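Have the structure open beside you as you read.

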Amino acid sequence: MDASVVFRPFRSPKLDLPNRLVMAPMTRALSPGGVPGADVAEYYARRAAAGIGLIITEGTWIDHPSASNEEAVPRFYGEDAIAGWRRVVAAVQEAGGKIAPQLWHVGLTQKHDLENLYEAATDVSTVKLTPSGYIGVDEKISNGSTEREIEDAIEAYGKGARQAMAAGFDAVELHGAHGYAIDQFFWDVTNRRSDGWGGRTLAERARFGIEAVRACRAATGPDFPIIFRFSQWKQQDYAARLASTPQELASLLEPLADAGVDIFHASQRRFWEPGFDGSDINLAGWAQKLTGKPAIAVGSVGLSSEMLESLLEGKGGDVTDVDELLRRMERDEFDLIAIGRALLADPQWPLKLREGRLAEAAPYTKEVLLALN
């Protein structure tokens, strides 16, 4: 099929891109001491030079005591780390791309052993941000955070967004997916609070995420683009569903949009799977339909295996065609498509797609996580 549909310019009130291709945020844990080095700048710039319109960085730790669980994942605070990020921004923009950092807080999570990425560990050195102290169904390991602790975390998100704008980034993304801090407040399994930070409905449990977005909007003003990533699945439960119906999802996404989200990034393990029964529209398509905001889809683009099979089972992925992606983009089901592991394996993936040489792309193997190719 003709791939030109993904190379159409993207236009929105706050962000214009030369095409519809996005680099998905992927943890690399290759920034010693949390400082992105020259190799990180070159890694991202290679993807921009090959034709990625927008790069969303790997998750970066916000300035909060319990945000991180891995020292080699980059920080988004401290003069040394921010200087490193300025070099990354300059390299990407010089190569013709645009870039957004992903602001990340793990909340109350357990760090799993992932080959070639990081080793399992239990960190009890700081008080964790958590709505209720649960990490799964009936698995309570801590007490819920206090009002002050919650407010401090929200302030840290705003500080990160302000720092992103000051460092020259083109946008900022909040990580509200995969069972991490913001998502722990959304999910009824981990949020058992009965005060203003919890509730029986998803709309009530949305407050923490809404306030984090508001803090980012207040810190950056009206014109800086804010992207929000969300998901149904959690690292604690791959079959979890945050919302059972489109109406329930709307009760989360609409107030997030009102708070300042400009683009929704809907994380799925396989982009072609329907978001809800009764329609083949995927999760990003529903985000676009429900809010009227642009949406980014993601999930196993161009590969024969999905992400969790790669990380948890060490399974590689052969190169596949992207015909289904092109069909969905031709009908404007969603606006942008994020590429993950395929882009790790082959920095030239966008160029090969444009030139009709995708069959020549390198397959994904677990060894690509060992270095910044």
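A residue counts as buried under 20% relative accessible area, as exposed over 50%, and as partly exposed in between. With that scale in hand, Pro 274 counts as partly exposed, because its relative accessibility is 45%. Please keep in mind throughout that this is a predicted model.

**Around Pro 274**

Pro 274 belongs to the loop that links β10 (263-267) and α8 (283-291). Which residues does Pro 274 contact, leaving aside its neighbours within four places in sequence? They are Gln 268, Ser 279, Asp 280, Ile 281 and Asn 282. Ser 251, by comparison, lies 23 residues from Pro 274 along the chain, and the C-alpha atoms of the two are separated by 19 Å.

**Confidence**

The protein chain has an average pLDDT of 94, and 93% of its residues score at least 70. Where is confidence lowest, and where is it highest? The lowest mean, 63, belongs to helix α9 (residues 307-313), while strand β8 (residues 172-175) has the highest, at 99. Where pLDDT is low, the predicted coordinates should not be read in detail.

| Helix pair | Axis separation | Crossing angle |
|---|---|---|
| α3 (residues 147-166) and α6 (residues 207-220) | 8 Å | about 40 degrees |
| α7 (residues 246-259) and α8 | within 10 Å | roughly 65 degrees |

At roughly 65 degrees, α7 is roughly perpendicular to α8. The crossing of α7 past α8 is right-handed. From α7, the residues Pro 246, Leu 249, Ala 250, Leu 253 and Glu 254 meet Leu 283, Trp 286, Ala 287, Leu 290 and Thr 291 of α8. Sorted by class, this contact of α7 with α8 holds eight nonpolar residues, one polar and one charged.

For the other pair, the angle is about 40 degrees, and α3 and α6 are therefore oblique to each other. Here α3 passes α6 in a right-handed crossing. On the α3 side the contact is made by Glu 147, Ile 150, Ala 153, Ile 154, Tyr 157, Gly 158, Ala 161, Arg 162 and Met 165. Facing them in α6 are Arg 207, Phe 208, Glu 211, Ala 212, Ala 215, Cys 216, Ala 219 and Thr 220. Between α3 and α6, the contact has eleven nonpolar, two polar and four charged residues.

Gly 158 sits in helix α3 and touches Ala 215, Cys 216 and Ala 219, not counting residues up to four places away in sequence. Phe 271 is 113 residues from Gly 158 in sequence, and the two are 30 Å apart, C-alpha to C-alpha.

**Two residues with positive phi**

Finally, have a look at two loop residues. Asp 138 is not a glycine, yet its phi is positive, near 60 degrees. Asp 138 is in the loop between β6 (134-136) and β7 (139-140), and it counts as exposed, because its relative accessibility is 65%.

His 178, also not a glycine, has a positive phi of about 65 degrees. The loop that holds His 178 runs between β8 and α4 (181-186). With a relative accessibility of 8%, His 178 counts as buried.

Conventions:
Residues numbered from 1 in each chain as written. Predicted model: local features only at pLDDT ≥ 70, side-chain atom pairs only at ≥ 80, totals over all residues. Heavy atoms only, no water. Helix = DSSP H or I, 4+ residues; strand = E, 2+ residues; numbered from the N terminus. Buried < 20%, exposed > 50% of the residue type's maximum accessible area, 1.4 Å probe, protein only. Contact = heavy atoms within 4.5 Å. pLDDT = per-residue confidence, 0-100. Axes fitted to C-alpha atoms, helices over the stretch in contact; angles between N-to-C directions. Parallel < 35°, antiparallel > 145°, perpendicular 65-115°, else oblique. Left-handed = near helix turned anticlockwise from the far one by under 90°. Nonpolar A, V, L, I, M, F, W, Y, C, P; charged D, E, K, R; others polar.
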